[in-house]
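Please open the structure in a viewer and display it as a cartoon.

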Amino acid sequence: MSTESTKPSQYDSIGAQYDAIKSLPIIKEVETANFRKYAVELLASGKSRVLDLACGTGFCSEKLLEWGAASMTGVDISRNMIEVARAKAEQSGKDADGRLQYQVGDVLNLGIVDGGEYDMVTGVWLLNYASSREELTQMYRGIRANLKPSGHFFGVCEEPQEDLDTFVRQRQLFLGGNRRLFGLETEYTERLASGNGYVMETWAHVDPPFTMRTYHLRKSIIIEAARAAGLEGHCEMRRMEVPEEVYVKDKDYWALYDSFTPKFSTIFIAVERAESTRPF
Ligand SMILES: C[S@@+](CC[C@H](N)C(=O)[O-])C[C@H]1O[C@@H](n2cnc3c(N)ncnc32)[C@H](O)[C@@H]1O
């Protein structure tokens, strides 16, 4: 992997601002809570040496370590995000025993990271940076190359939809004037010429606000690309649930959120490198 030498990224100007997104209720109470539930499940089954791709400022890498990972390596294309992650780890002392380290690198050109053979590779908001089937296959190749044969990839992405044209039309109609609900505002700005997806722009209404440009590819592409890259095992997608104890604290807010699902939904995707007898 080419370390410390990737091209400038949109996240270089976001850096430390990014972590404010983690305080939004839909991230803190739903995404992180669900991430914890499934990550703990996988970590408990021995998936403990973890490679966190698109690690950003290290939020998930630190959480995985806290939840039981034996060691964590985070990789991100943005030098600035990695600098923030390293500074946080140094400040908290989490990197003191060498179990947490970060590298600058492009997942589209990953190679083997520190000897590979990871029990688990994570990618929380990674796959949505692939603009085509080819790029997604390339990302999955990097994932596969770093996994043990029984290893899992475990990520978070937009809810995969096959008929994205209808989905995008319905979503815009459904949202109407309520675009800023839940602190994130997303617009599908351009249909890809391939017909395989859309360009998305997401505004995070945090202080200070920032925007992210990503892609939403068709469901079949998400699966076909994994298979083309040699990830042959079980593939599972799970929708995020609002935990009961969170729901009861503000029923109106979460009932509104539920009424927007799946228009807003994000999911977990887990793909095994090879077929195994133990289901995810
Ligand atoms: C929305 S942030 C998610 C960060 C982190 N996973 C989290 O959930 O807090 C997306 C991250 O993906 C990184 N990224 C985008 N494309 C990438 C690529 N090709 N290789 C490595 N990182 C990439 C960005 O730099 C950014 O830090």
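What follows is a short tour of a predicted model, from its sheet to the helices beside it.

**The sheet.** Begin by selecting the strands of the open sheet, of which there are seven, in the order β3-β2-β1-β4-β5-β10-β9. Their pairing is mixed. Now colour β3 (100-104) and β9 (235-239), which stand at the edges. Each of these two has a single partner strand, so one side of each is left without a neighbour in the sheet. Viewed from one strand to the next, the twist averages 15 degrees.

**A strand pair.** Select β1 (49-53) together with β2 (residues 71-76). The two strands run parallel and are joined by five bridges. Within this pair, L51 stands opposite T73 of β2.

**Helices across the sheet.** Next, select α1 (residues 25-44), a helix that lies across β1, β4, β5, β9 and β10. Its direction makes an angle of about 170 degrees with β5. Then move to α6 (219-228). This element lies across β9 and β10, at about 145 degrees to β9.

**Helix α4.** Finally, select residues 133-146, which form α4. How far apart are the end C-alpha atoms of this helix? They are 20 Å apart, which agrees with expectation, because 14 residues at 1.5 Å a residue should span 20 Å. Show the side chains of the buried residues in α4, among them L136, M139, Y140 and I143. The buried residues of α4 pack against several elements, including β4 (118-124), β5 (147-158), β8 (210-217) and β10 (266-272). The helix α6, already visited, is also one of these packing partners.

Notes: Residues numbered from 1 in each chain as written. Predicted model: local features only at pLDDT ≥ 70, side-chain atom pairs only at ≥ 80, totals over all residues. Heavy atoms only, no water. Helix = DSSP H or I, 4+ residues; strand = E, 2+ residues; numbered from the N terminus. Expected span 1.5 Å × (residues − 1). Buried < 20%, exposed > 50% of the residue type's maximum accessible area, 1.4 Å probe, protein only. Contact = heavy atoms within 4.5 Å. Pairing = 2+ DSSP bridges. Axes fitted to C-alpha atoms, helices over the stretch in contact; angles between N-to-C directions.
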